[in-house]
Amino acid sequence: MTLKMMENLNIIKGLYAVTHEEKDSCVLSSQVESCIKGGARLIQYRSKTLSKIEQNKQAKKIKTICNYHKVPLIINDDIELCRILDADGVHLGENDDSLEKARLLLGPSKIIGVSCYNSIDRVKKAVDKGATYIALGACFPTITKPNAPIATLDLISLVLKEFKIPLVAIGGINLENIELLINEGVSCFALINSLFKTKDIEGTASQFSSLINRSEKL
């Protein structure tokens, strides 16, 4: 394992902000900056509705902000966009390109995250194929993916015990239930609506960060 790959493993912790659908790139950029000022340690650019051209424009703006604050930028689904922007990594879902393809095109130093939903089999495959981190969820019911399978606390606890890979919890996480995950040993939390749909994004991010950071010191 290279030094850069080892550094990547240590990056996957804390508040992980995943962008919501927002056509106005200036608004989205401002929201991302608010997340970072509130303590977000990772940003994922995610858009399922905009054209490739618009996604490229938005991601470029967000990358500039991330570079300024020295916060890693992960691109959802799109290996080519990650490569073009020289973003820090890519996150792959069940129907996206393969991890092997991503590693071949992006090289050994990039972060590659894999959604494993509630599947131990997907976790095993992701670990075997060299994923940087795995994501489990939805941890709780979520409006982003209302039909998403639920990754129970017992499953999360089992994965944390059995696999030596950073784990990102995602789906329905809010200020009322995040401590359930913290108590299981989760150290990285991906949030969309609980951040971007609030009136005070920076303040909300700060609240989440305080809870997470407090757990790290225990």
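## Pockets, backbone and salt bridges

Analyst: The model is predicted. To start with a charged side chain, Arg46 is buried and makes no salt bridge, its nearest side chain of opposite charge being Glu21, 4.8 Å away.

User: Why does the pair of Arg46 and Glu21, 4.8 Å apart, not count as a salt bridge?
Analyst: Side chains of opposite charge can pair when their charged atoms come close. For Arg46, the nearest side chain of opposite charge is that of Glu21, at 4.8 Å. A salt bridge needs a nitrogen and a carboxyl oxygen within 4 Å, so the pair does not count because of this cut-off: 4 Å.

User: Where is Arg46 found, and which residues does Arg46 touch, leaving aside those up to four places away in sequence?
Analyst: Arg46 is found in the loop between strand 2 (42-45) and helix 3 (52-69). With residues up to four places away in sequence left out, the residues it touches are Val18, Thr19, His20, Glu21, Asn76, Thr144 and Lys145.

User: Which residues lie nearest the centre of the largest pocket?
Analyst: The largest pocket has a volume of about 620 Å³. Its lining is made up of 36 residues. Those nearest the centre are Arg46, Thr144, Lys145, Ile170 and Ile192.

User: Which element gives the most to the lining of the largest pocket?
Analyst: At least two lining residues come from each of strand 1 (14-18), strand 5 (111-117), strand 6 (133-136), strand 7 (167-170), strand 8 (188-191) and helix 9 (193-196). By class, the lining has 17 nonpolar, 13 polar and 6 charged residues. The element that gives the most, with 3 residues, is strand 6.

User: How many charged residues does the lining of the second largest pocket have?
Analyst: The second largest pocket has a volume of about 230 Å³. Of its 13 lining residues, Leu99, Val114, Arg122, Lys125 and Lys129 are the closest to the centre. Helix 5 (99-106) and helix 6 (120-128) are the elements that give two or more residues to this lining. By class there are 4 nonpolar and 2 polar residues, and the number of charged ones is 7.

User: Which salt bridge does Lys129 form, and how far apart in sequence are the parts it ties together?
Analyst: The side chain of Lys129 meets that of Glu100 in a salt bridge, 3.2 Å from N to O. Lys129 lies in the loop between helix 6 and strand 6 and Glu100 in helix 5, so the parts tied together are separated in sequence by 29 residues.

User: Is Lys110, which meets Asp86 in a salt bridge, buried or exposed?
Analyst: A search of the whole structure finds 8 salt bridges, one of them between Lys110 and Asp86 at 2.6 Å, N to O. The pair links the loop between helix 5 and strand 5, which holds Lys110, to the loop between helix 4 and strand 4 (89-92), which holds Asp86, 24 residues apart. Asp86 counts as partly exposed at 48% relative accessibility. Lys110 has a relative accessibility of 14% and therefore counts as buried.

User: What is the distance between the closest N and O atoms of Glu179 and Arg214?
Analyst: Glu179 is partly exposed at 36% relative accessibility, and Arg214 is partly exposed at 48%. The two residues form a salt bridge, with their closest N and O atoms apart by 3.6 Å.

User: Which peptide bond is cis, with omega near 15°?
Analyst: Most residues other than glycine have a negative phi, and most peptide bonds are trans. Ala138 is found in the loop between strand 6 and helix 7 (153-162). The cis bond is the one from Gly137 to Ala138.

User: What is phi of Tyr117?
Analyst: Tyr117 lies in strand 5 and is buried, with a relative accessible area of 19%. Asp77, in the loop between strand 3 (73-76) and helix 4 (79-85), has a positive phi of about 75° although it is not a glycine. Tyr117 has a positive phi too, near 55°.

Notes
Residues are numbered from 1 along each chain as its sequence is written. This is a predicted model: local features need pLDDT of at least 70, side-chain atom pairs count only at pLDDT 80 or more; totals for chains, interfaces and linings use all residues. Side-chain values use heavy atoms; hydrogens and water are left out. On a 1 Å grid over the protein atoms alone, a cavity is a set of points where a 1.4 Å probe fits but cannot get out, and a pocket is an open set with protein on both sides within 12 Å along at least five of seven lines; lining residues have an atom within 4 Å of a point. Grid points are joined across faces, edges and corners, and a volume is the space filled by probe spheres set on the points. Helices (H or I, at least four residues) and strands (E, at least two) are DSSP runs, numbered from the N terminus. Ala, Val, Leu, Ile, Met, Phe, Trp, Tyr, Cys and Pro count as nonpolar, Asp, Glu, Lys and Arg as charged, and the others, Gly among them, as polar. Buried means under 20% relative accessible area, exposed over 50%, partly exposed in between (1.4 Å probe, protein chains only). Lys and Arg count as positive and Asp and Glu as negative; His and the chain ends are not counted. Contact means heavy atoms within 4.5 Å.
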